[in-house]
Amino acid sequence: MAFVRCLVQFEEAEEMFRFVLAGKKGDLAPDNSGLITAISELAGCLMLRGQYAGARQLLEHGHHLSLDSFGEEGHATLNIASNLAGCYVLEGRYSDGQELHKKILDARVQKFGRQHPVSAASMVNLAGCMRAQSNPEGAYQLYSEAYRIRTNVLGAAHPLTLTVRNFLAVCLEALGRSTEAEPIYLEVLKGREDAIGPEHPDTLQTVNDLGCCYAFHLDVPEKAELLFRRSASGRKLSLGPDHPDTLVSMNNLAVSLRMQNK
């Protein structure tokens, strides 16, 4: 769900969810699809605001409803399960997230084929868990496969393709190949600025990642400082001053200043 759309629909999703909880189900489908949609919308907004525990509780409830209505391999079930696995990762429950993402990938490959964009999305999610658990080699392989699929199907300039390209650069850093990562970050940054705008959270993520590359691997703290200032101010405006991503950028900025004895 797009960031701007999530912010616009937050109150609408919350109102719908409370409407359903109040027992006013007359206008909703009997398979609970309306309730499941409301849960997903609201949980997505909560995750963007850094409220991971509340989002997880909603998604676990929605997952159980979807299992009852559509079965374990139903499209809606796999979608909400993917969101739930992502929430586990955000909470630091990497093994739980990886196990669930692996099940989703296997189900989607069996249903759609390995070259389908939906399968590529699951590869990206699973790779993220592997990277978080210090397995950059395995993550790089999955990201590379997903990048080839998205490039062939969506094109190199598509935001989803740029996302996996950014992850490839992160993995290269973890593998000690930072000089290879830098031009990829610059390429992704330009692509994201053109495709989704300079202040979009995904663009700011690349800004922060490039700053980390300069500060912690290429020893160019003055370049890192400028990037961290941009990501910190942008995230403060778009996500709020207390969001985990905002705090990360502010901490990185402080580190870059200390590196320069400022």
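Here is a short tour of the helices and nonpolar cores of this chain.

This is a predicted model, in which local features need pLDDT of at least 70 and side-chain atom pairs count only at pLDDT 80 or more, while totals for chains, interfaces and linings use all residues. Residues are numbered from 1 along each chain as its sequence is written, and side-chain values use heavy atoms, with hydrogens and water left out.

The chain has twelve helices and zero strands, taken as DSSP runs (H or I, at least four residues for helices; E, at least two for strands) numbered from the N terminus. Of its 262 residues, 47% count as buried, meaning under 20% relative accessible area with a 1.4 Å probe, protein chains only.

Now to the cores, each a set of buried Ala, Val, Leu, Ile, Met, Phe, Trp, Tyr and Cys residues joined through side-chain atoms within 4.5 Å.

| Core | Residues | Members include |
|---|---|---|
| Largest | 22 residues | Ile39, Met47, Leu59, Cys87 |
| Second, separate | 21 residues | Val188, Cys212, Leu227, Phe228 |

The elements giving two or more residues to the largest nonpolar core are α2 (33–48), α3 (52–70), α4 (75–90) and α5. Leaving aside residues up to four places away in sequence, Leu59 touches Ile39, Ala43, Met47, Ile80, Asn83, Leu84 and Cys87, where contact means heavy atoms within 4.5 Å.

Helix α5 (residues 94–112) also packs with helix α6 (residues 117–132), at an angle of about 160° and with axes 9 Å apart. Axes are lines fitted to C-alpha atoms, for helices over the stretch in contact, and angles run from 0 to 180 degrees between N-to-C directions. The two helices, α5 and α6, are therefore roughly antiparallel (an angle over 145 degrees).

Note on methods
Angles under 35 degrees count as roughly parallel, over 145 as roughly antiparallel, 65 to 115 as roughly perpendicular and the rest as oblique. Buried means under 20% relative accessible area, exposed over 50%, partly exposed in between (1.4 Å probe, protein chains only).
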